Amino acid sequence: MPHLRPFALERFFARHEFSVNHLACASDPDAWTTKELLALEPGAEAKYLALPLGYTETMGHPELRAAIAALDPGLSPADVLVHAGAEEAIYAFMHVVLSAEDHAIVHVPAYQSLYEVAQGIGAHVARWEARESQGWLPDPGELERLVTAKTKVLVLNTPHNPTGAHLPRAFLDAAITFARRHGLWLFSDEVYRGLEYGAPRHPPVATLYERGVSLGATAKVYGLAGLRIGWVACRDHALLERLATFKDYLTICSAGPSEFLATVAMRHAGTLAGRSRAIVTENLARVDELFARRPDVFQWVRPVAGTTAFPRLVRGEATAFTERLLADTGVLLMPGPLFDFDDAHVRLGLGRRSLAQALPLLDEWLSRQA
């Protein structure tokens with residue numbers, strides 16, 4: 001009987017996230033407070049306090065769907081279905097599109113649910129691997145080797161977690177051409193879209209391909225992980241209806257206060273993303289300086305988008321390294337095996353201002369290891 005393995009990354013965070021002194025591997029940036037967010041829009045606080053705490057619409061509040069669609073030319077509110085976080089959207093999509101014995105191609109390394117849910121259904125998953133030697137990009141030429149007669153979906157993640165890479169537009173276009181040729185759904189995890197700083201931003205896949213599904217959320221770009229609001233955008237409204245029908249067995253609808261706050265946020269998306277981008281670029285400069293002095297410890301492909309990086313240890317195993325670092329300093333990094341990847345890499349989070357306090361502790365600890 002197919003089943004879901006424990007979600008390794010989330011179990012790791014369940015043990016450590018709220019108890020460590022220095023969370024240096026987070027993928028979400030510093031969070032906004034409710035007061036800060038409501039202050040962006042005159043009258044928003046009064047409306048929020050007067051909000052009835054009843055059910056919301058299954059598809060999402062019309063104003064929220066309109067605000068999400070307004071982020072990108074080519075989308076309409078009817079193309080958007082709101083979920084309780086990106087996780088619910090992934091779970092619903094995989095169950096609606098895939099059955100046992102179907103086949104999916106997934107861009108890896110990846111957030112575990114992007115392949116684990118498919119495997120839990122009983123589908124077979126082929127790994128389309130991003131390679132460090134190629135700047136953490138996968139090879140579009142490998143797709144034809146991976147596809148089978150039972151392939152139903154190609155899963156992309158760009159900007160990419162955990163590496164901070166971003167597919168060039170030519171790679172994205174090649175993936176769309178491949179998906180169209182084989183009649184595949186193209187599920188594009190775009191939750192870091194909007195945090196590009198060393199690569200150009202692409203339009204959402206939902207606007208580029210008739211069977212494209214773009215995944216978005218308030219967590220990673222906008223610093224609003226606690227709202228638990230995600231969405232999919234797709235111009236195939238029959239698919240959206242199937243997803244909404246499946247969602248009736250999950251959350252049915254999202255929380256009204258979260259939808260209200262998310263609507264305000266989307267109307268000020270540039271401001272929220274700009275603050276996150278500024279934190280990331282400041283932290284990148286700090287990491288650049290540390291890694292330049294520690295080439296005997298770390299090598300990396302410098303990230304170009306998102307909030308994460310995936311440096312490689314020159315020597316030793318990442319799991320043992322991160323455990324010793326945590327025990328000695330209270331600084332938490334994330335080892336590569338949590339992404340079903342090798343034990344030579346660690347995920348570093350760039351979106352928190354607190355990284356400025358964690359990096360000197362890491363540096364001092366490394367000096368003591370010599």
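This report describes a strand, a helix and several salt bridges in one protein model.

The model is predicted: local features need pLDDT of at least 70, side-chain atom pairs count only at pLDDT 80 or more, and totals for chains, interfaces and linings use all residues. Residues are numbered from 1 along each chain as its sequence is written, and side-chain values use heavy atoms, with hydrogens and water left out.

Helices (H or I, at least four residues) and strands (E, at least two) are DSSP runs, numbered from the N terminus. In a regular strand the side chains alternate between the two faces of the sheet. Strand β2 covers residues 80-83; V80 and V82 point one way, while L81 and H83 point the other way. All four are buried, a term that means under 20% relative accessible area, with exposed over 50% and partly exposed in between (1.4 Å probe, protein chains only). Strand β8 (residues 230-233) pairs with β2 in the antiparallel sense over four bridges; two strands pair if DSSP finds at least two bridges between them. G230 of β8 is the bridge partner of H83.

**Helix α9**

Helix α9 spans residues 237-247, and its buried residues are L239, L240, L243, A244 and K247. Seen down the axis of α9, these residues fall within an arc of 140°, so they line one face of the helix; the arc is that of the directions from the helix axis to the C-beta atoms. The buried residues of α9 pack against β2, α5 (85-97), β6 (185-189), β7 (212-217) and β8, where contact means heavy atoms within 4.5 Å.

**Salt bridges**

Side chains of opposite charge can pair when their charged atoms come close. A salt bridge is a side-chain nitrogen of Lys or Arg within 4 Å of a carboxyl oxygen of Asp or Glu.

| Salt bridge | Closest N and O atoms |
|---|---|
| D28 and R352 | 2.9 Å |
| R201 and E196 | 3.0 Å |
| D363 and R293 | 2.7 Å |

D363 counts as buried at 14% relative accessibility, whereas R293 is partly exposed at 42%. Salt bridges that share partners join E289, R293, R294 and D363 into one network.

Both D28 and R352 are buried. In the remaining pair of the table, E196 is buried, with a relative accessible area of 8%, and R201 is partly exposed, with 48%.
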